[in-house]
Amino acid sequence: MTGPIIARCPCAASYITSPKRATVAVVCYCTDCQTAGRALAALPENIGVMQGDGGTPLALFPKKNLQIHDDRGALRAHKLHPKSPTRRLVCSQCNSMLALDFTKGPWLSVPIARCLAPRPMANMRIMTRSRPAGQADLADDMKNFANFPKRLVFPLTLNWVAGGFATPKLPAFPPLKMP
């Protein structure tokens, strides 16, 4: 099953389709998102997804109905550590991240910058305790959470239950070669 294109890399070599909208959208400040954001930003031609204050806006989609299209074989997997359950899917043609796959979970995180219209709007900031020092205070335009909040776990769990507790596995991708 497939649906409309919901996201694509800047060079359009790879894209994601889904009949479902994002379950939730957040801005994540965890140290892994910041570390990966800096590493990927150093790649030539990369169009980054991390904001100047260290946050990465992400939309979370249920994996169950997602389809990743990589007709040119451009997607590569970037892991911060070899045994990490999290991998970032990066287009090797434009060196830009298309998605973040927590392989043990039933959802896929897509940078909001890669989403097509209607683009999801973040409604909470998470892991704000990991923000870089010296940043201005966060605006009060949405909820700010120091950790991973229960109000984020609830909609993800509901999707997991609705999907029959399935944790779909996405295809394997070759590793991204970092300079």
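This is a predicted model: local features need pLDDT of at least 70, side-chain atom pairs count only at pLDDT 80 or more; totals for chains, interfaces and linings use all residues.
The largest nonpolar core holds 24 residues. Ile16, Phe61, Ile68, Leu75, Cys91, Leu108 and Val110 make the most contacts inside it. Six strands each supply at least two residues of this core: strand 1 (5–8), strand 4 (56–62), strand 6 (75–78), strand 7 (86–91), strand 8 (96–102) and strand 9 (107–111). A second core is separate and has 21 residues. Leu40, Leu58, Val90 and Met97 are among them.

Phe61 belongs to the largest core. What does Phe61 touch, leaving aside its neighbours within four places in sequence? Its contacts are Ile6, Lys20, Arg21, Ala22, Leu66, Pro106, Trp107, Leu108, Val110 and Cys115. Two of these, Leu108 and Val110, are also named with Phe61 for having the most contacts inside the core.

## Helix 2

Helix 2 covers residues 150–162, 13 residues in all. At 1.5 Å a residue, helix 2 should span 18 Å. Its end C-alpha atoms are 18 Å apart, so expectation and model agree.

Leu152, Pro155 and Leu156 are buried in helix 2. They sit on the same side of helix 2, because they cover an arc of only 95° around the axis. An α-helix has 3.6 residues a turn, so residues three or four places apart point the same way. The buried residues of helix 2 pack against strand 3 (24–28), strand 4, strand 9 and strand 10 (124–126). Lys150 and Phe154 are exposed on the other side of helix 2.

## After helix 2

Gly164 follows helix 2 and has a positive phi, near 70°. Phe165 is also found in the segment after helix 2. Phi of Phe165 is positive too, near 60°, and this residue is not a glycine. Phe165 is exposed, with a relative accessible area of 51%.

## Cysteines

How many disulfides does the model have? The count comes to zero. Cys30 is in no disulfide. Its nearest cysteine sulfur is that of Cys28, 3.6 Å away.

Cys33 is in no disulfide either. For Cys33 the nearest cysteine sulfur belongs to Cys30, at 3.6 Å. Both residues are buried: Cys30 has a relative accessible area of 17%, and Cys33 has 8%.

## The loop between strand 9 and strand 10

Ile112 lies in this loop. Is Ile112 buried or exposed? Ile112 counts as buried, because its relative accessible area is 9% and the limit is under 20%. Leaving aside neighbours within four places in sequence, Ile112 contacts Ala25, Val26, Pro57, Leu58, Ala59, Arg119, Pro120 and Ala122. One of these, Leu58, is part of the second core.

A cis peptide bond joins Ala117 to Pro118, with omega about -5°.

## Two other loop residues

Ser84 is in the loop between strand 6 and strand 7. Ser84 is buried, at 14% relative accessible area. Its side chain reaches the backbone nitrogen of Thr86 at 3.1 Å.

Glu45 is in the loop between helix 1 (31–41) and strand 4. Glu45 has a positive phi of about 65°, although it is not a glycine. Glu45 counts as exposed, at 66% relative accessibility.

How values were computed:
Residues are numbered from 1 along each chain as its sequence is written. Side-chain values use heavy atoms; hydrogens and water are left out. A nonpolar core is a set of buried Ala, Val, Leu, Ile, Met, Phe, Trp, Tyr and Cys residues joined through side-chain atoms within 4.5 Å. Buried means under 20% relative accessible area, exposed over 50%, partly exposed in between (1.4 Å probe, protein chains only). Helices (H or I, at least four residues) and strands (E, at least two) are DSSP runs, numbered from the N terminus. Contact means heavy atoms within 4.5 Å. A polar contact is a pair of N or O atoms within 3.5 Å; within protein, one must be able to donate a hydrogen and the other to accept it, and residues adjacent in sequence count only if both atoms are side-chain atoms. The expected span of a helix is 1.5 Å times one less than its number of residues. The arc is that of the directions from the helix axis to the C-beta atoms. A disulfide is a pair of cysteine sulfur atoms within 2.5 Å.
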